[in-house]
Each structure stands twice: as C-alpha cells, then as structure tokens.
Amino acid sequence: MKVPFLDLKSSYYELKDELNAAYIRVAESGWYILGKEVETFEKDFAVYCGVKHCIGVGNGLEALHLILRAMEVGSGDEVIVPANTYIATWLAISYAGATPVPIEPDERTYNIDPERIEEVITPHTKVIMPVHLYGQPADMSPIMKIAQKYGLLVIEDAAQAHGAQYKGHRAGSLGDAAGFSFYPSKNLGALGDAGAVTTNNDVIAEKIRTLCNYGSHAKYINNVKGFNSRLDEIQAAFLCVKLKYLDEWNARRAKVAKYYNKVLKESGLILPYVPENVDPVWHLYVVRSAKRNELQERLFNAGISTLIHYPIPPHLQKAYSDLGYRQGSFPITEQIAQEVLSLPMGPHICWEHLDFITRVLSDKL
C-alpha cells in the first residue's frame, strides 16, 4: 500500500467541473490581470474572514513583506517573530530591511509564547508577527495586549490557518493585518502560487494596493517605488470555487485529526495539544517522538509518506548566519525540530489509509 502525504489530485477531481468552467470563463474573457475574478475573490474572502479589506497578491511571502512595507517597517526596526516557524516568516522581515528578533514557542502548541515577548522588546521594536502554525491560531489576546501597551503593530502569519478561529473570530481578523498563502497544499490552495492580505485598516489596505501594483494608483502614474505582486485572474477564479468548500474540507480534516487522536492515544507519541479557546483547521497533523527518525523510516518502509515541519529552524540556516545564532541559542525550538513528524493529512485521505497508518504507528515505538 502506498499512502501519499497529501492527495491534491483528488481535490481537483472533486471540483473538476467547476474548476474547468472557471478556467474557460477566464480564458474566454480575454482579461487576465486585475479583473472581475480578483475583485470577486477579494470581496468573498474578506467577508469569510470577517474583515473590511482583502488584497490579492502573488504569494504568502509577498503578503507579509508588503504589510511590513505598508507599515513603514525598514532598516533599524525590529520585528518579534517565532523561532519555531518556516523561514518565509523571517524572510519577509529581511526583505523589508528590518531585523527578525526570535523567541521560543510554547512547547505545548509550538506557537509563539506570549510570556517571552516583553523580554525582547526594545526601542527599535515595531511589530510582533505571530504565526498560526500547523493551522492552530497563536494565543492572540495577550499578544494584542502587549502590542497595545508598547504601541506596537501585530501581523498574523496566517499562511496555514485558512478558516481557523480564536475565541470565535477567524484568523486574518485578529491583528492589524494578516498574510495568507494559497500555495496548492494549503487548506485553501490555488493551482499555483497566490496570496492575500486581510485587514480592517483602510490606510494599510490602500498602501498595499499601491505597493503591489508598481506603486501605482492609476496606469503609468507611480506615486511610490512599488513591486509587481498581483493575484492572477485564473488563480482568483479557482480560489472562488474552492472557498465555497473550505469549511466542509476543514471539517473533514478535523475528523481525521479526531481519529488520529483517538487511535494513537496510547501509542507513546506526543499528540497535538489544542487549547479550549481555539478551533484549528488541521493544516498539518504533527506528532513528536524522541525516536522520530526511526519512526519516519518505519513509515517509509511501509509505503507511508511523511514530512518534517521543519527540520532546520531559521536561526540555524546558513541564510541567517549573519545574526550570530548557534546551536543551543533556542533549545526548545531545536528540540522540536529534532522530534516533530507530520503524518498524512487532508480532506481526501481515505479511511483504509488511516487505518493502515495508525496500525503501523501503534507498534511499539
């Protein structure tokens, strides 16, 4: 038996007729950039997230970068960021010319630990950028209180959290602005690269609309040095189709997670921890084991694909050697990187595969 980590083909086949119709509609329209499809998706996704504005951009990294630019974050500024995250979160800060200031996660949730934030605030701190890792929202209430206390802005990295809720409010509406990725493997995935910014701030929204389109409000009139980061009409059309099914597909993921939790309860693995005030969307189902590498090899030999999110923390990547961090700088993050393993997860995983995965995992570790 071969078990894929994520079945993207089945996602297409379930919506094949609607996705094909969307493609034909755009292809026959003759309008491929900044048209009605983008406008429709921006409106629909803003309503879904419960915010005033959604601005489609090229990808999730650019979404975060453009938010920082719109907030006038640059050289000499510091942005507090999780040590335990994908490197894209840090790269957005670097692209803006600012410095990432990492802190350790809450070891239960793997998300940024609010209790560590005040320790690293300096006169140069301008932004806190929590990540809703694996589809579970960070603990936003204390983060927002700290931000208010020190006059800081908060940017949500919501790239893995489409539809996730914190205290009844969706990711993307919890901070001053949020960046989303619609990479194909995301809960709401395009059929290529795509991203978006959500915000309730009129000024930030208007600045991002200008920045993402060459710094232009009107054709050939450029008010600032901008960028080319626009959501394609074809991807917007696909996203409009898939957005209608997001809640249903997230509910399927939740059922898979519930099954894993029940069957693996006595396996010896450290299973995901979910606080009472959050409703995750299970972008990933991540377990921990001190024998992670042996476990991954056993699953591989059984034909089960797994991934590690993430094997090398940003502070230990060569790209950030200039910051001077070393092995041991963030021991909690480093231990997590040595122990986490992402199991197959998605709205189209079959129950036969789930039974097989859990039987392999239930063997003595």
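A crossing of two helices is left-handed if the near helix is turned anticlockwise from the far one by less than a right angle, and right-handed if clockwise. Helices (H or I, at least four residues) and strands (E, at least two) are DSSP runs, numbered from the N terminus.

The structure above is a predicted model, where local features need pLDDT of at least 70 and side-chain atom pairs count only at pLDDT 80 or more, while totals for chains, interfaces and linings use all residues. Residues are numbered from 1 along each chain as its sequence is written, and side-chain values use heavy atoms, leaving out hydrogens and water.

**Two helix pairs**

Two packed helices are described by the angle between their axes and the distance between the axes. Axes here are lines fitted to C-alpha atoms, for helices over the stretch in contact, and angles run from 0 to 180 degrees between N-to-C directions.

| Helix pair | Angle | Axes |
|---|---|---|
| H4 (residues 60–70) and H5 (residues 87–95) | roughly 40° | within 8 Å |
| H3 (residues 36–49) and H8 (residues 233–243) | about 35° | 8 Å apart |

H4 passes H5 in a right-handed crossing, whereas H3 passes H8 in a left-handed one.

Which residues of H4 meet H5? Leu61, Leu64, His65, Leu68 and Arg69 do, and their partners in H5 are Ala88, Thr89, Leu91, Ala92, Ile93 and Tyr95; contact means heavy atoms within 4.5 Å.

**A closer look at H5**

The buried residues of H5 (under 20% relative accessible area; exposed is over 50%, partly exposed in between, with a 1.4 Å probe and protein chains only) are Ile87, Ala88, Thr89, Trp90, Ala92 and Ile93. They pack against H4 and strands E2 (78–82), E3 (99–103) and E5 (153–157). Just after H5, Gly97 takes a positive phi of about 90°.

**A histidine in a loop**

His132 sits in the loop between strand E4 (125–128) and helix H6 (140–150). Is His132 buried or exposed? His132 counts as buried because its relative accessibility is 0%. Not counting residues up to four places away in sequence, His132 touches several residues, among them Asn111, Glu156 and Leu174.
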